[in-house]
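Subject: Structure handover

Hello,

Here is the structure for you to open. My notes on it follow below.

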Amino acid sequence: AGALAAGTRYDVLWVPAGMFPSPACPLPDFATGEDKTPKAEIDFIKAQAPKAKYICSVCGGSAILAAAGVLSGKKATTNKAFFKMIVANAPKDINWVAKARWVTDGNVWTSSGVSAGSDMALAFVAHLVGDKMANLLRGQIEVSEHGQDDDPFAKVHGLV
């Protein structure tokens, strides 16, 4: 709220899902589908998104972006374990991609699970500053390379 009041703008919004199964986890309630994202967070994203250069989500963070209207008319993905629930409770004008490690649509990047978020983050680094830096980081943090379509979890969760 302080950043909005001060007129602070951010070039990159990075939206994770939170720690599951924490009571503060913003994933929709499994039984009711009720959105548990704090209104202040949705308002912040709605205010920042139009002028952000990039908007990225990891795991169920895409549910938050969907609730904020950021994914309307876009392709997106999310954690495959929660995919059906998130899609069922999201606005219907989102083109959800079931088999994708991450999806890029314009300035919006969404990843499936947490490890896919690492792959997306490294692809994002490559997009911003090139493959050489992304590969240097990959080697330093020891993350094996996976392609955008390398998503075995879509099959594991019966989505394809």
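Where is the place of Thr 78? Thr 78 sits in the loop between strand 3 (75–76) and helix 4. Helices (H or I, at least four residues) and strands (E, at least two) are DSSP runs, numbered from the N terminus.

Two notes on the source before the rest. This is a predicted model, in which local features need pLDDT of at least 70 and side-chain atom pairs count only at pLDDT 80 or more, while totals for chains, interfaces and linings use all residues. Residues are numbered from 1 along each chain as its sequence is written, and side-chain values use heavy atoms, with hydrogens and water left out.

**Thr 78**

Thr 78 is buried, at 0% relative accessibility. Buried means under 20% relative accessible area, exposed means over 50%, and partly exposed is in between (1.4 Å probe, protein chains only). The Thr 78 side chain reaches the backbone oxygen of Cys 59 at 3.1 Å. Leaving aside neighbours within four places in sequence, Thr 78 is in contact (heavy atoms within 4.5 Å) with several residues. Among them are Cys 59, Gly 60, Phe 83, Trp 96 and Ser 111.

**The sheet**

Two strands pair if DSSP finds at least two bridges between them.

- Strand 1 and strand 2 are parallel, over four bridges. Val 12 has Tyr 54 as its bridge partner in strand 2.
- Strand 2 (residues 54–57) and strand 6 (residues 108–111) run parallel, joined by three bridges. Ile 55 stands opposite Val 108, and Ser 57 stands opposite Thr 110.
- Strand 5 and strand 6 are antiparallel, over four bridges. Trp 102 stands opposite Ser 111. Their hairpin has two residues between the strands, and Gly 106 takes a positive phi near 65° there.

What about the faces? Strand 1 has Leu 13 and Val 15 on its covered face. Val 12 and Trp 14 are on its uncovered face. In strand 6, Val 108 and Thr 110 point one way, Trp 109 and Ser 111 point the other way, and all are buried.

**Aromatic pairs**

A search of the whole structure finds five aromatic pairs. Rings of Phe, Tyr and Trp (its six-membered ring) pair if their centres lie within 6.5 Å; planes under 30 degrees apart count as stacked, over 60 as edge-to-face and the rest as tilted.

Why is the pair of Trp 14 and Phe 124 tilted? The ring planes are at 55°, so the pair is tilted, and the centres are 6.0 Å apart. Trp 14 lies in strand 1 and Phe 124 in helix 5, so the pair ties together parts that are 110 residues apart in sequence. Trp 14 is partly exposed, with a relative accessible area of 39%. Phe 124 is buried, at 6%. Trp 14, Tyr 54, Trp 109 and Phe 124 form one aromatic cluster.

Phe 83 and Trp 96 make an edge-to-face pair, 6.3 Å centre to centre, with 80° between the planes. Phe 83 is in helix 4 (residues 83–89) and Trp 96 is in strand 4 (residues 95–96), 13 residues apart. Phe 83 and Trp 96 are both buried.

**Helix 2**

Ile 42, Ile 45 and Gln 48 are buried in helix 2 (residues 39–48). They cover an arc of only 140° around the axis, which puts them on the same side of helix 2. The arc is that of the directions from the helix axis to the C-beta atoms. The buried residues of helix 2 pack against helix 1 (2–6), strand 1 and helix 3 (61–67). The face turned away from the buried side carries the exposed residues Lys 39 and Ala 40.

Best wishes

Conventions
Polar contact = N/O pair within 3.5 Å; in protein donor to acceptor, adjacent residues only side chain to side chain.
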